[in-house]
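Please examine the sequence and the model shown below before reading on.

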Amino acid sequence: MKRQTNLKYNNFDMTLEECRLVLDNIDGLIITNETGKIKYMSPSILDRMDKRMGLDKKSQIAGQPVLQLHPTCHIPAFLDSGQRETNTYYFTAGVATVSRIKRVNGEKQGIGALEYDFFVDDYQIRNFLLEIIKLADGGQIDLTESIEEIKKRLSKPEIIKYKMSGIIGKSPAMKAIKEKIFAISNYNSTVLITGETGSGKELIAHAIHDISRRALMDMVEVNCAAIPESLFESEMFGYTDGAFTGAKKGGKAGKFEMAHKSTLFLDEVDQLPYHIQPKLLRVLQEKSIDKIGSRIVPVDVRVIAATNKNLKELVNQGKFREDLYYRLNVVNFDIPPLRERKEDIPEMVQHFIARFNKSLNLNVEGVSDEAMQLFYRYRWPGNVRELSNIIERAMTVCKSDILSQRDFRELADILQRDASYEDYDGSTLEQICMRAEKEAIEKALAFCNGNKTKVAQFLQISRPALYYKIEKYAIDSCQNI
């Protein structure tokens, strides 16, 4: 490549291909223009994007806004700040990232910015931090954070327990969920995860926590259905020494206190006792807990809640506080059931086979085409959890390296026994009843020419109840006149 005449030193003797090879070997390198659009992105990042978003190898990368492909990238904020260079630390693609960002200026105008990683992976970060701790122990440097706490966290085999790769699926719905997880990773907003039993709500909660800045601390999990109502307050908020007869000496830390600087996952939040709900709302608003025994303790906790129920319907029924519902539902993830994203089944099957090959010490390679057709026909009322159980059961009895239809005889029997099963849309009894109720109201409105008084009498319900149901089901009563 010809040396440019405006260079101060004659230090450039590389071809374009050699320049590309050099760039490709700089870990985590991103170069953008002044508006944050990609000029170059290293293969190491593109590989992570492929796993996270199912990126097509032929995708046009150059010219795309960097935040579209890399939602946690700090370059756009850096460009807006006016800084010349900075170091930054964040989580992305399931690993901790420490990087350097520098502004690139031409002779007369800004060209853009570049960012590159200091470390290849989180294990290198871990080893580096352990070296820092050794220096601190020897008095060579002074750390403001608790060294013992850092040691405790870094003594784990991995900094991050779950990787985003654990969320299987390249369907549009799952791609959107993965992108949303990355988009909110560095914020502290409360999250509500909804979805049927077995759809993967806990996995989503872990993914949100494990790519956030809170990942070095354990996520605290609470199954709201498993705690007796009489013990809920002490379990959640703790108590001080001597707070009541039989109280543990020295008091007890509640789940919120245990989750300080971390994430609190409230599974089956619909089971939260009604009298506890205002206390939870207060914690979310005030960022402090009132321990039994009257001691206010500030807490820094991100709350993620999950439920397989319709919380809005529970609010309408007076079983869940409306203000708490809106406070929890700042960011919502609605996990689609497996029957609505069957294109994800082949990838999930291979994922579970790989997992059980390792745990069962087997060498199964895959499933036959006939077996896969069973999977496509089945409605999966138990969702991903049911698929996992069926794969594991089949692998324990199979006599070949390919799982065949006979290894899923129970599944085939269900489909054969109930030929009408394929026509069933997988609705719950509650959903079926709601559809029937909506249809009855629509027919009654048509029959009574839109006279709501007559409709209420005809259906033997009050007028307010009729108006509520018309609004609930979004029925256009004018069309029934």
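Two residues are said to be in contact when heavy atoms lie within 4.5 Å. Helices (H or I, at least four residues) and strands (E, at least two) are DSSP runs, numbered from the N terminus. The model is a predicted one, in which local features need pLDDT of at least 70 and side-chain atom pairs count only at pLDDT 80 or more, while totals for chains, interfaces and linings use all residues. Residues are numbered from 1 along each chain as its sequence is written, and side-chain values use heavy atoms, with hydrogens and water left out.

The chain contains 20 helices and 14 strands. A residue counts as buried under 20% relative accessible area, as exposed over 50%, and as partly exposed in between (1.4 Å probe, protein chains only). Among contacts between residues at least 6 apart in sequence, 65% join residues at least 24 apart.

Consider next how helices pack. Two packed helices are described by the angle between their axes and the distance between the axes. Axes are lines fitted to C-alpha atoms, for helices over the stretch in contact, and angles run from 0 to 180 degrees between N-to-C directions. Angles under 35 degrees count as roughly parallel, over 145 as roughly antiparallel, 65 to 115 as roughly perpendicular and the rest as oblique. A crossing is left-handed if the near helix is turned anticlockwise from the far one by less than a right angle, and right-handed if clockwise.

How do the axes of helix H14 and helix H16 cross? The axes of H14 (residues 345–360) and H16 (residues 383–397) come within 10 Å, and the crossing is at roughly 50 degrees. H14 is therefore oblique to H16. The crossing of these helices is right-handed. On the H14 side, Met348, Val349, Phe352, Ile353, Arg355, Phe356, Asn357 and Leu360 take part, and they meet Val384, Leu387, Ser388, Ile391, Glu392, Met395 and Thr396 in H16. The residues of this contact divide into 10 nonpolar, 3 polar and 2 charged. Here Ala, Val, Leu, Ile, Met, Phe, Trp, Tyr, Cys and Pro count as nonpolar, Asp, Glu, Lys and Arg as charged, and the others, Gly among them, as polar.

H14 also meets helix H15 (residues 369–377), and the axes of these two come within 11 Å and cross at roughly 120 degrees. This angle makes H14 oblique to H15. The crossing is right-handed. Ile345, Pro346 and Val349 of H14 meet Met372, Phe375 and Tyr376 of H15. The contact of H14 with H15 has 6 nonpolar residues, no polar and no charged.

Another pair is formed by helix H7 (residues 172–184) and helix H8 (residues 201–210), which pack at an angle of about 35 degrees with their axes 9 Å apart. H7 passes H8 in a right-handed crossing. Ile177, Ile181 and Ile184 of H7 make the contact with Ile204, Ala207 and Ile208 of H8. These residues comprise 6 nonpolar, no polar and no charged.

Two residues in strands may now be examined. Thr32 belongs to strand E1 (residues 30–32). Thr32 counts as buried because its relative accessible area is 0%. Apart from its neighbours within four places in sequence, Thr32 has contacts that include Lys37, Val66, Ile75 and Ile111. Lys291 lies in strand E9 (residues 288–291). With 5% relative accessibility, Lys291 is buried. Lys291 and Phe237 are 54 residues apart in sequence, yet 5.4 Å apart in space, C-alpha to C-alpha.

Most residues other than glycine have a negative phi. Asn449, however, has a positive phi near 55 degrees. Asn449 is placed in the loop between helix H18 (429–447) and helix H19 (452–459), and its relative accessibility of 54% makes it exposed. Ala474 likewise has a positive phi, of about 55 degrees. Ala474 is found in the segment after helix H20 (463–472) and, at 65% relative accessibility, is exposed.

Finally, how many disulfides does the structure hold? The structure has 0 disulfides, a disulfide being a pair of cysteine sulfur atoms within 2.5 Å. Cys73, at 6% relative accessibility, is buried, whereas Cys433, at 44%, is partly exposed.
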